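User: I am new to this structure and would like to know what stands behind the words used for it. Could you walk me through them?
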Amino acid sequence: MAQTLKLNLLLNLLLLLLFQLSYATLVFGSVFVQEEEFSEELLLKPLPDRKVLSHFHFESRAPPSNTHGRHHHLFPKAISQLVTKLRIKEMELSFTQGRWRYEQWGGFDPISSNNAKPPGVELWAVFDVPQSLVDAYWKNLTHTLSGLFCASVNFLESSSAYSAPEWAFRPASGNLRYGALPREAVCTENLTPWLKLLPCRDKSGLSALMDRPSVYRGFYHSQRLHLISTESDSDGVDSGIVLEQTLTVVLQPSGWKKGKSYAGKTNMQSNWSISSIFGRKVGGKCILAKSSNVYLQLDKGLVCELKDLQKENAEYGANNLASEHSFELSVNPDKVYEEMDNLHGKSTSVMYEYSVDKYIDSQPFDLGLTWKIPVVWLNQQAPLHASRFLMGSGNERGAIAISLRSTDLSEGSGSTNAINEGCELQVDIFQVVPWYIKVYFHTLQVYVNQQRRAVADVVKKIHVSPSKDKLSPGVMEMILKLPCGVQSAALTIEFDKGFLHIDEYPPDANQGFDIPSAVVSFPNSDASMHFSQDDSLKKSPLLSKFQERSRVLSYTEVLLVPLTTPDFSMPYNVLTITCTVFALYFGSLLNILRKRAGEEERLLKASKKTGRLSQLLSKLIAKLRRRPQEPLPSSPAPSSFVSHKVIFKILVVACIAVAWQYYF
Amino acid sequence: MAGTKVQSEVPKTRQRPIVRLGVLLISHSLLVSVVCCTAGVLALLLLPVLAKNTYISENALMPGSASSMLSNQEVSEANKLIKDITSLYSKPSTAAIESRRLIAQYMSNLGAEVNYHKFHPQPNEFHPLHFFSSPDAGMIQENFSCASYGVNTVGVIRAPRGDGKEAIVLMTPYNSVNGDLQEALPLGIAYSVFSLLTQVTWLAKDIIWLVADSQYGEYAAVAAWLRDYHTPVFSDLSSLNTELCHDGSYILDLKENSNLERKISYEFRRSGTMAAALVLKVVYRNEVEDTLSIFAEASNGQMPNLDLINIVNYLAVHRQGYHVKVEKVWSLLNSKWLKILGEIFESLGKFVKSLNPDWKFGIPVAEYIEGTATLASSLYYQAIGVPTGPHGAFRDYQVDAITLEISPRVSFNNKDRRNDFLLQGGRLIEGVIRSVNNLLEKFHQSFFLYLLTSPSKFVSVGVYMIAFALLVAPLPVVAASLYAETLNLIPTSEKEKSAADDELGSVLRSWKWLNSAKRVFIVHLWGAMVSLFPYFISQIPNCTPTTNFHVWFLLSVFSLVILKWILGSPFSQLCGLQPQEEWAILKSVTISSFFIGLCLMSVINFATAEIGALLMVPTSLMAHPLKLDVRGGRFLRFSRAICNLVLGVISFPPATFFILKGMFEGYSGINAGDFWNWVESLWAWNSATYLYIGMVHLPCWVLCVHVLLHPC
């Protein structure tokens, strides 16, 4: 107890010192444009299926080291060393558990485009080194990250595990390497080192909310680390390193199950508060953070639905908020942002901002949302819903199918077709397939609206690098141009299942092998949001991140391919059989080498009277020689040509054996 | 061959031991065949004694290690569903659509992803070229009428933290047209488990609940769904067809509450690779205790991994107190000879035990009889190669599946009792799903090749193949000995001939088996033709099975005569074969080809090969021209002729069928059409047994009869 107290004190002192220092630099170095800064933000968003999305966003900035030196006050040293040593331009590492459900949780907003990640580990990095050195730097990076995050990222080191996408994963990226480990399990051991990079760890501020049991109880959990460095940029625009750490969790508010009933209020959303989701409250901001905000976002679909309900129910003329009648917030927001939709001016999403600055431990911040009326809405979807699955069965061959289906259910296909005759929807697909799935790229088939099309009609650009056995995975990048009103599209590609060497099988080989998620992106659709009040938005890294132009991106499912597995006890059997064969071979060889035929015959003649066994054998041969000439005997008794003595001997031995068995 | 060598190279050197052993066996072929055949039959009868207790081989399964979480709350909700469904039956016109909607609504309210799957039932047809081919998407395109289609309802629970690579399928057949309470009960059990599984945190694999529309048969519905799951057709006209023939149901769906209903669509929902599938059924059969019947046989005698049966059996017996059954041949239970045999084995076991208490041999008579009856049914169902339930469709896609049929002690109308019944069944299913959910790898640890002698006892492949090997072993020995015999006959008969044409003669002599081989080949060709005839016969409209059978029979005989006339050997006299050696060589070649056929069949479907060997091996070994036997006039020869005649009749496939049918079901209602129906079921299910009968068994029988009637 005392020790922790002491520790706490020490920490506080340290923090104070740090704060002083940073303050001093702030005052002293105000002439400089940039300084190290850290900000923390939390975004909460109710989801249509009674769950709540919470998105933590921490951003640390370090000024360029050539002007500010290499010492950091807030910025994690490990990361800055990593960046300088490995000459990273941009890097993203994500650990994910569970699947992002695009249909329910949306697929068009910045969160789903940037923070919905495939299960397991995904890592990509852009290096600022000559082409020939990229692979070496990548290997170094995987090992470093594996040590840093207690994960087996180092498995991405082997050349058969990573690939170099040219344009489909990220537009125009030179020295990019991409790798994914779908089977990596994610747990607290990965979260702790990630939290260590934050100046306040999880001791204070928003990160204190991360109660491990409740964070890992969620339906989706993705921790992500994104790094942009202009440190070694040749452009001259030097803004230092920006480290963006996000944790996206989808949680089920506790206490929902109690009141469930199936007949009646099925549409009633669940009421929640920060304390009911995390089991903790926000006790003030991290003292080192420049800004510490909590946002509550109401999705476009929800706002639209609420406005409709409002129109139906009451004659409220005011068009700004429907909140009083449909839901209630326990704390009044400090600011309200409304998204601007330049094109339509229709109802758009609403963002409530809460500043955590004014809250302290004794008076914690606990935002709660209580629904008053049942409401059902749909989140905004990506233009096409992508899913991938395996076709065929058996251990020999199969096919991978990527199916794209329009999410637009309300509009008929005919009308949209008529309107958008010339319009085209661009879809980029990037897929990596391990080498033991031998994909035949010539079998690519494309179907649009259930009609088979020639590949050249639909695929505008394709880049394929076939896999090399045990060396590199197969990579497929392609750009599809589909008509705008497309209802469904499908791509199939056939593969043969390869054989692995017995050493190459993982410990649980009978589970099957994973094909990492494919990336499907829509470059023409912009996932960013635009807010009205631009002046204050610049302060918030989260909101400015939302405003950045980014394309809509979604990941498909991980696939499990059962391969033929050998019987792993086989080496033992083979060993036994081989040894037996060798013994027989050498035995007979020795026999042949040792024996001399002439000598043997002489011996045979000599022992005709003496050797009893040989006598018996010759007798047998004589019998055999005679026998075929006779007609088959009706019941040839074997005892007739075996001497009685032998039978007697056998019987004696058998009796002894039986007696031995019986008595011992 | 070896025999002549021994003769020609008199005292030069000793033969190699293995050659000598072969010579010994061949020279005593009669003894060998008698001993081996008896031992083979005896080994088969001994199998129930040698059966081992099952054990759970995969440690990860851990059945029953967690206490059941299914509570009365889920059961009462399930009860509500049952009540809602049964209340729909009062209006039979809309019951089908309404009950489907209701089930989908219930699933959707639990938070599952729901979709309908529309399918057209495919008539089982004989496709001569589609034997052994995997279920193929290309087979579907036929002209459909909008009137006949079924709609499956599928609910998918996504595992909260899982990656969705694997799925467990729970399937309940449901006939929405003429439903009663019995139809709704499996839905209740499945629903209670399903609602529990939406809440649990331990789920690692997705759960798919398939409510199969069984108005066109359970199997067809499941097979259609599996086909669309594994080999979807992206560009087809049939989907356009289904779009065209929308009936009221779809419009009804869209009308009210658009947001919720929008989720329930016809768009196919998938999950990952299937790890296992459970088919759940409920019947009421007036049992004395709550009974669980397990059906496991899939097409061509494929079985699910034994571990799946083991966990069901373990949980049902030790946790839920079910009485677990597998299929039996009931008429065997009262047979006298089996009882006597059982007593012999029991006394033998006692004697052995008195010698050494550690030796465990022999089981009580009752257990032996039960075991034999179960074994016989296990062998039979594997041998005919027709799946015993909708689980068979899963096995075609390498998914382990079994059917569980629960029959309660008391009638369902008792309300309290129904709750208990739902709880009991639900807990069993929950336990099995939880166990499979624990599985990291797919089922691979335990046996795939086994015969059951009771739900908790099995005979593995290593044991039961001994019986088959013993039965088959005399075939090559006898063939070789017959051949050697004829070779030895020639020199004595031809020694008088001049030495000039000796060279040519010896060449001709060594190739004289070719003539017989040709004859055997022709008969096998005829066999292939016979197995193709039903395809053409089934095209004839308006035919009763009896006429079909007669047509088939006549066609077969006719074609045999024609083939013999066209390809029959005018040059059989060319190499100067004596009639005596002719039949011997013919028999030798027949036996060899039969041996090859049996060995091939044992790889494809072991049980068929076993039964086939049991029927045909004695016949083919005994075959001897009747003329010779009768002419001899000795009692032994005469009895051999009688035996030959009896065996010849028994091993004729239709005769075998009628005799067995008469033995087990009584001779009263038999007509010739039954055999046609049976064969039709074989080819409709693509059973390899059909091919075996047509191309191995029947030709061999014809050749044996040919030998019997040989004019020598």
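Analyst: Happy to! Let's start with strand β4 (residues 120-127) of chain A, which is mostly covered, with eight of its eight residues buried. This is a predicted model, where local features need pLDDT of at least 70, side-chain atom pairs count only at pLDDT 80 or more, and totals for chains, interfaces and linings use all residues. Residues are numbered from 1 along each chain as its sequence is written, chains are lettered from A and ligands numbered from 1 in the order in which they are written, and side-chain values use heavy atoms, leaving out hydrogens and water.

User: What makes a residue of β4(A) count as buried?

Analyst: Buried means under 20% relative accessible area (exposed is over 50%, partly exposed in between; 1.4 Å probe, protein chains only). Eight of the eight residues in β4(A) are buried, so each of them falls under 20%.

User: How do you know that β3 (residues 88-97) of chain A pairs with β4(A)?

Analyst: Two strands pair if DSSP finds at least two bridges between them; strands themselves are DSSP runs (E, at least two residues), numbered from the N terminus. β3(A) and β4(A) share eight bridges, so they pair, in the antiparallel sense. One of the bridges links A:T96 to A:G120.

User: And what joins β4(A) to β6 (residues 176-181) of chain A?

Analyst: Six bridges join these antiparallel strands, with A:L181 as the bridge partner of A:V121.

User: Why is β25 (551-555) of chain A called an edge strand?

Analyst: The open, antiparallel sheet of five strands runs β20-β21-β17-β24-β25 in chain A. β25(A) is called an edge strand because it pairs on one side only, as does β20 (459-465).

Key
Helices (H or I, at least four residues) and strands (E, at least two) are DSSP runs, numbered from the N terminus.
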